Amino acid sequence: MSEQWVIESTPGMPATEDSLADDLAALGVRAGMTLLVHSSLSSLGWVCGGVVAVIRALERAVGPSGTLVMPAHSGDLTDPRDWCHPPVPEAWKPLIRAATPAYDPRRTPTRAVGRVAEAFRSWPEVVRSPHPYVSFAARGRLAEAVCAQHAMDFGLGETSPLARLYELDAWVLLLGVGHFANTSMHLAEYRAVYPGKREVLQGAPVVQSGERVWASIRDLELSTDDFPAIGAEFSQTTGLVRTHRVGAGAALLMPQRPLVDFAVSWMGERRGLPSPRREIRIRLTIAEDRQEWLRLRSELWPQSDRVALERELDLLCADRRTATFVAEASDGHICGMAEVALRDEAEGCSTSPVGYLEGWYVEPRFRRQGIGRRLAETCESWAGEQGCREMASDTTPSYPESPSAHASAEYERAGITLHFRKSLKPF
């Protein structure tokens, strides 16, 4: 996100170390907690002092008897064979394996875990675990216990800091991010039994006996596709997820052990089952869809307050400049939804009005069947009927699969932020 965007999206005054500490206390973070934090700085709005203020507020919240833990993953040290965001030319891959410097817990930067986690890894007295690409950083009373033993094989499994956090009955804080970032559910992947679970061979550059080598590493094929659905059901079923604003962003706080246990059971019952290739109908929402529509909105925006999401339903239904559609299977199950509105302008667009894809979601087990694209095309048809010549949309880093989903629906990036546009054919 651009700095200007953060400034413009910050309501009222910017956050401070003091205000963030107060917000964390109101959320339920307490002294003595062992707390695994996943964060997005931009989601908090403008913060006076940036990452330093955020980390200091977190330290104040858990106190000297607590322990802070953050991911310190370095995905660019994995085998380039599997890289796809972006991929690299095939001819480069042998050189990357041969020339990439070995993992060094003091020097190797993080990748794709946010600015707060990147700053935290080099914070005084932080301990970083020895895994080359899924390491964790910790500071506090139990830092050594969390990070000391982290075997290379099955890096997010039983020898990982995630398993130590489970034993310590730790808490998970999602600070301006959704369940896509909730790494604790990876521990459930190792523990659950489900069809299609399989082992893969990874690799990374490490130092062994004083020399840099490319090490082969055994692991599981992991996926975050169903994490939002698991997180939403965990919240709704158990009532154990606390929500509160921290800065300008939504935060979720939950106990890790019940979350992992719930995810193990959920995956065992539902993951790996063949996706039913049912006939899917795209249609306008009706009054009877309300609860299912709300459920899908909660899965799409798990960090948002459910009451606020329901209030928005009434506003959408009363607004003539919006339309909402659902994807319905032949058995009546609602598996996807899309919300479209008319806006006077949008990033990268030169005409007015613009059709804007405000919300777009398909349940994980129904994905890769073209349902999302059909929902988008239905929204585009509606916008074209209203006189629009362009469509637009946006996303945030909390939804890493969204850019590829937009690309598959023929949207192009608009500007340097995560905005998209598409020209519509005449109607």
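1. Contact here means heavy atoms within 4.5 Å. In this predicted model, and leaving aside neighbours within four places in sequence, serine 129 is in contact with Tyr103, Ser135, Phe136, Cys147, His150 and Pro161.

2. Now to the charged pairs, where the count comes to 37 salt bridges. One of them joins the side chains of arginine 60 and aspartate 18 (2.7 Å, N to O). Because arginine 60 lies in helix 3 (residues 50-62) and aspartate 18 in helix 2 (residues 17-27), this pair ties together parts that are 42 residues apart in sequence. Arginine 60 is partly exposed at 43%, and aspartate 18 is partly exposed at 46%. Both residues belong to a network of salt bridges linking Glu17, Asp18, Arg56 and Arg60.

3. Have a look, too, at glutamate 363 and arginine 295, whose side chains meet in a salt bridge (2.7 Å, N to O). Glutamate 363 is in the loop between strand 13 (354-362) and helix 13 (371-385), and arginine 295 is in helix 11 (residues 290-300), so the pair ties together parts 68 residues apart in sequence. Glutamate 363 counts as buried at 8% relative accessibility, and arginine 295 counts as buried at 15%.

4. Finally, glutamate 125 forms a salt bridge with arginine 139, with the closest N and O atoms 3.5 Å apart. Glutamate 125 is exposed, at 65% relative accessible area, whereas arginine 139 is partly exposed, at 23%.

How values were computed: Residues are numbered from 1 along each chain as its sequence is written. This is a predicted model: local features need pLDDT of at least 70, side-chain atom pairs count only at pLDDT 80 or more; totals for chains, interfaces and linings use all residues. Side-chain values use heavy atoms; hydrogens and water are left out. A salt bridge is a side-chain nitrogen of Lys or Arg within 4 Å of a carboxyl oxygen of Asp or Glu. Helices (H or I, at least four residues) and strands (E, at least two) are DSSP runs, numbered from the N terminus. Buried means under 20% relative accessible area, exposed over 50%, partly exposed in between (1.4 Å probe, protein chains only).
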